[in-house]
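Here is my note on the model, as numbered points. Please read it with the structure open beside you.

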Amino acid sequence: MISFEDFEHSKENIQPLRQGRKPEVLQKLFQPTEPTKLGLDLDGERLKFEHQIANCDDDQLLDRWQEYLAWTRQHFPMAGQQSRLVELYERCTRELMVSQLLQDPRYVQMWLDYAALVQNPLDIYRFLDHNGVGVQSAKLYVAWAMYLELCKRYPEVEALYHTAKQRGARPKELLQSHYENYAQENVKRLKEQFA
């Protein structure tokens with residue numbers, strides 16, 4: 001049985017994952033062991049992933065990278081320098097930049113996950129737009145618009161949603177619901193501004 005007391009002392013440093021974390025992995029990572037052994041185990045697993053990526057067929061490359069990134073997020077819960085997560089996202093997005101993947105939802109999601117890790121993702125969103133990566137994905141425009149909204153760049157948010165609609169970004173329902181939420185918040189904001 002898993003005891004949450006094993007990692008109770010570190011829980012505030014654990015980065016949450018949208019899909020949740022595996023308690024057995026957390027228990028293994030935070031149980032009292034020799035740090036060198038744990039480091040060697042993790043390095044050994046990393047090398048296995050690197051070997052798989054280097055030696056797999058092109059049609060399996062995206063899947064191998066997804067597995068490697070998921071393993072890294074799960075096994076480095078504090079997402080610090082040790083995880084090399086940003087470096088991995090940079091590598092995988094660059095290595096997978098081939099025409100047949102530009103609209104693949106899994107590849108687009110990798111880019112969005114990468115953008116979520118950096119302090120200012122605008123350069124990433126602009127790069128994606130300029131290179132045609134995910135330009136038919138509503139998720140790209142929603143993430144980009146949410147960041148612009150955080151930066152209070154409201155005219156750009158409007159223009160971005162307009163561009164997304166022009167390009168036929170899908171799913172339309174996702175785009176529409178986020179735009180409606182934004183429009184409602186914008187009306188509230190304007191009312192407060194002129195009240």
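1. Pro105 is exposed, because its relative accessibility is 62% and the cut-off for exposed is over 50%. Please bear in mind that this is a predicted model. Pro105 is found in helix H5, which covers residues 105-117. Look also at Gln136: Pro105 and Gln136 are 31 residues apart in sequence, yet 9.6 Å apart in space, C-alpha to C-alpha.

2. H5 has a packing partner in helix H3, residues 58-75. The angle between H3 and H5 is about 35°, and their axes are 11 Å apart. The crossing of H3 past H5 is left-handed. On the H3 side, the contact uses Leu62, Asp63, Trp65, Gln66, Leu69 and Arg73. On the H5 side, it uses Arg106, Tyr107, Met110 and Asp113.

3. Now the overall make-up. The protein chain has nine helices and zero strands. Read from the N terminus, its elements run α-α-α-α-α-α-α-α-α. The chain has 195 residues, and buried residues make up 39% of them. Consider the contacts between residues at least 6 apart in sequence: 56% of these join residues at least 24 apart.

4. How many aromatic pairs does the model hold? The count comes to twelve. Take Trp71 and Phe76: their ring centres are 6.1 Å apart and their planes stand at 80°, so this pair is edge-to-face. The cut-off for that class is over 60 degrees. Trp71 is buried, because its relative accessibility is 10% and buried means under 20%. Phe76 is buried as well, with a relative accessible area of 10%.

5. Trp71 and Phe76 also belong to an aromatic cluster. The cluster is formed by Phe49, Trp65, Tyr68, Trp71 and Phe76.

6. Is the Tyr161–Tyr182 pair stacked, edge-to-face or tilted? The ring centres of Tyr161 and Tyr182 are 6.1 Å apart and the planes are at 35°, so the pair is tilted. Tyr161 lies in helix H8, residues 154-166, and Tyr182 in helix H9, residues 172-193, so the pair ties together parts that are 21 residues apart in sequence. Tyr161 is buried, at a relative accessible area of 3%. Tyr182 is buried too, at 1% relative accessibility.

7. H8 and H9 meet at an angle of about 155°, with axes 11 Å apart. They are therefore roughly antiparallel, since the cut-off for that label is over 145 degrees. H8 passes H9 in a left-handed crossing. From H8, the contact takes in Tyr154, Val157, Glu158, Tyr161, Ala164 and Lys165. From H9, the residues are Leu175, Gln176, His178, Tyr179, Tyr182, Asn186 and Arg189.

8. Two charged side chains in that contact lie over ring faces. Lys165 is over the face of Tyr179, at 4.1 Å from the ring centre. Arg189 is over the face of Tyr154, at 3.7 Å from the ring centre. Please check both on screen.

9. H8 also packs against helix H7, residues 138-150. Here the angle is about 170° and the axes are 8 Å apart. That makes H7 roughly antiparallel to H8. H7 brings Tyr141, Trp144, Ala145, Leu148 and Glu149 to the contact. H8 answers with Tyr154, Glu156, Val157, Leu160, Tyr161 and Ala164. Among these H8 residues, Tyr154, Val157, Tyr161 and Ala164 also take part in the contact with H9.

10. Last, Asp129. This residue lies in helix H6, residues 122-131. Is Asp129 buried, exposed or partly exposed? Asp129 is partly exposed, as its relative accessible area is 27%. Leaving aside residues up to four places away in sequence, Asp129 touches Val135, Trp144 and Arg167. Trp144 is also one of the H7 residues that meet H8. Asp129 and Tyr141 are twelve residues apart in sequence, and their C-alpha atoms are 9.7 Å apart in space.

How values were computed: Residues are numbered from 1 along each chain as its sequence is written. This is a predicted model: local features need pLDDT of at least 70, side-chain atom pairs count only at pLDDT 80 or more; totals for chains, interfaces and linings use all residues. Side-chain values use heavy atoms; hydrogens and water are left out. Rings of Phe, Tyr and Trp (its six-membered ring) pair if their centres lie within 6.5 Å; planes under 30 degrees apart count as stacked, over 60 as edge-to-face and the rest as tilted. Buried means under 20% relative accessible area, exposed over 50%, partly exposed in between (1.4 Å probe, protein chains only). Helices (H or I, at least four residues) and strands (E, at least two) are DSSP runs, numbered from the N terminus. A charge sits over a ring if NZ of Lys or CZ of Arg is within 6 Å of the ring centre and within 35 degrees of the ring normal. Axes are lines fitted to C-alpha atoms, for helices over the stretch in contact, and angles run from 0 to 180 degrees between N-to-C directions. Angles under 35 degrees count as roughly parallel, over 145 as roughly antiparallel, 65 to 115 as roughly perpendicular and the rest as oblique. A crossing is left-handed if the near helix is turned anticlockwise from the far one by less than a right angle, and right-handed if clockwise. Contact means heavy atoms within 4.5 Å.
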